[in-house]
Amino acid sequence: MKKFLDENFLLSNETAVRLYHDYAKQMPIIDYHCHLSPQEIYENKTFKNITDAWLYGDHYKWRVMRANGAEESLVTGGEGVNDYDRFMAWAKAVPNTLGNPLYHWTHLELQRFFGIYELVNEQTAPAIWEKVNAQLSGEGFGARDLIKKSNVTVICTTDDPTDSLEWHIKIKELKDFDTAVLPSFRPDKGLEINRAAFLPWVEKLGEVTGEKIANYDQFLAAVESRIHFFHSIGGRLSDHALDYVPYAETTKDEAAAIFAKALKGDKVSLEDEKKYKTFTLVFLGKQYAKNGWTMQFHINAHRNNNSRLFGKLGPDTGFDSINDSDTAQPLTRLLDALDHDDALPRTILYSLNPKDHYVLGSIVGSFQGGGIPGKMQLGAAWWFLDTKNGMLEQMDALANLGLLSKFVGMLTDSRSFLSYPRHEYFRRILCDMIGKWVEDGEAPDDMELLGSMVQDISYRNAQQYFNFA
Ligand SMILES: O=C[C@H](O)[C@@H](O)[C@@H](O)[C@H](O)C(=O)O
């Protein structure tokens, strides 16, 4: 029997052990998509206690705490509940998360950051609470310290185009911090024409660009100027939440008329919403291509399912699920609209629905080219698929349909500074998968070839792909 979570965790064969320890482990991290706060990075945020670090913003943990029977006040906080109570509610849930990656992530984080090798449960929790909190209140446990310890060279945050990026700018001026913290352009609010946030967002966009937006041309010009601004601060990625992929043939005039209707405060039909999104996305894609950016599509999330709790807690609080909208037809047409004009940027396609892996994996193959290795990427296993099985399925599709060797690898997608061991988790799974091929005689025992591939996927591919300044 193997020992739980020892140095050869997830490495089931000799080749995997060599690949991980001799090649993958020492590579730095490029975390090219996450939801960390640049302000907290700049301020080197420290944590009051382990509840602050683990439970204040992590909707993955909140979901399983609810499933474990915890009252909402213990999950997201509430009157009469203190941080210790919340930690104890989490500790009570942990043993029940066996089989869920949270079980592994929790113990990896305790080992890597705090040198704690005990298993979390209600009995061990009080001592773990003391030990972790003592470390958190000492030197070396601020947000930037955790980033440094994790050997992260680049972090790409997720930012609204109207953001001033003041914290990214300030971070650049820090003397003792070498990690590049770069913004990613996420214009969802400007695309979701039927949502309540649309009009206030257009107004804000006008304010930050210094000119009131009265028509679609002005809107597009303002968005373009924000792309240039993000670029000047080092931004090289955009990101779109496409809960369904829109595509409807349209013209600029039609899109402008739909925009004008929405600007008056009227709702537009679903068909018009698709037309508006199509024209706007194609416009944006061309801008990304012109600037050498990478465009990310996060596809097929089904968000805010629980209206009662959404009303109380807002988005990203653990009430989302996987969507099953069809992607092949609209996505190929959207990408082709860009490629047709030779204006398709580097693109990463993530889907939250595993049914899409082979669909997306084959679609990316239809748009590769331009002399850019892995220009079109099948994105890493995301969110509900950020699991051992999810990663294996995503890499299986990628390897079978395209070039796993050109994969830009893993990201945390996280809101927590303690999440970097997820890269380790991914690398172990990658090394194990390749190691198994060797043990089974399906890949040569050529450590130069395999070691270099593993290092490319862990770090070098991302470094070469993203055009960071
Ligand atoms: O991993 C889960 C994520 O943090 C999730 O909350 C985000 O991916 C978010 O839905 C987004 O759209 O960017």
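Here are some notes on a predicted model, for someone meeting it for the first time.

1. Start with the open sheet. Five strands make it up, in the order β4-β5-β6-β9-β10, and their pairing is parallel. The edge places go to β4 (184-185) and β10 (376-378); each has a single partner strand, so one side of each is left without a neighbour in the sheet.

2. Next, have a look at β6, which covers residues 294-299. On one side, strand β5 (residues 237-242) runs parallel to β6 and is joined to it by six bridges. Here D239 is the residue standing opposite Q296. Strand β9 (residues 346-351) also pairs with β6 in the parallel sense, again over six bridges. Two of the facing pairs there are T294 with R346 and F297 with L349.

3. How covered is β6? Mostly: six of its six residues are buried. In a regular strand, side chains alternate between the two faces of the sheet. You can follow that here, with T294, Q296 and H298 pointing one way from β6 and M295, F297 and I299 pointing the other way. Both sets are buried.

4. Now for the ligand. Which residues surround it? They are H35, T158, A241, H298, A301, D316, W383 and D413. Sorted by class, this shell has three nonpolar, three polar and two charged residues.

5. N323 is worth a stop. You will find it in the loop between β8 (321-322) and α17 (328-340). Is N323 buried, exposed or partly exposed? It is partly exposed, because 18 other C-beta atoms lie within 10 Å, while counting as buried takes 20 or more.

6. What does N323 touch, leaving aside its neighbours within four places in sequence? Its contacts are D243, Y244, N300, A301, H302, L352 and N353. Another, L352, is 29 residues from N323 in sequence, yet the two are 7.3 Å apart in space, C-alpha to C-alpha.

7. Strand β1 (residues 29-31) runs parallel to strand β2 (residues 152-156), and three bridges join them. I30 stands opposite V154 in that pairing. β2 also pairs with strand β3 (residues 180-182), in the parallel sense and over three bridges. There, C156 has L182 as its bridge partner.

8. Last, a helix pair. Two packed helices are described by the angle between their axes and the distance between the axes. For helix α18 (residues 357-366) and helix α19 (residues 388-401), the axes come within 9 Å and cross at roughly 35°. The crossing is right-handed. On the α18 side, the contact is made by H357, Y358, G361, S362 and G365. From α19 come E393, Q394, A397, L398 and L401. By class, that contact has four nonpolar, five polar and one charged residues.

Methods:
Residues are numbered from 1 along each chain as its sequence is written. This is a predicted model: local features need pLDDT of at least 70, side-chain atom pairs count only at pLDDT 80 or more; totals for chains, interfaces and linings use all residues. Two strands pair if DSSP finds at least two bridges between them. Helices (H or I, at least four residues) and strands (E, at least two) are DSSP runs, numbered from the N terminus. A residue is near a molecule or strand if its C-beta atom, placed from the backbone, lies within 6 Å of it. Ala, Val, Leu, Ile, Met, Phe, Trp, Tyr, Cys and Pro count as nonpolar, Asp, Glu, Lys and Arg as charged, and the others, Gly among them, as polar. A residue is buried if 20 or more other C-beta atoms lie within 10 Å of its own, exposed if 12 or fewer, and partly exposed in between; C-beta atoms are placed from the backbone. Two residues are in contact if their C-beta atoms, placed from the backbone, lie within 7 Å. Axes are lines fitted to C-alpha atoms, for helices over the stretch in contact, and angles run from 0 to 180 degrees between N-to-C directions. A crossing is left-handed if the near helix is turned anticlockwise from the far one by less than a right angle, and right-handed if clockwise.
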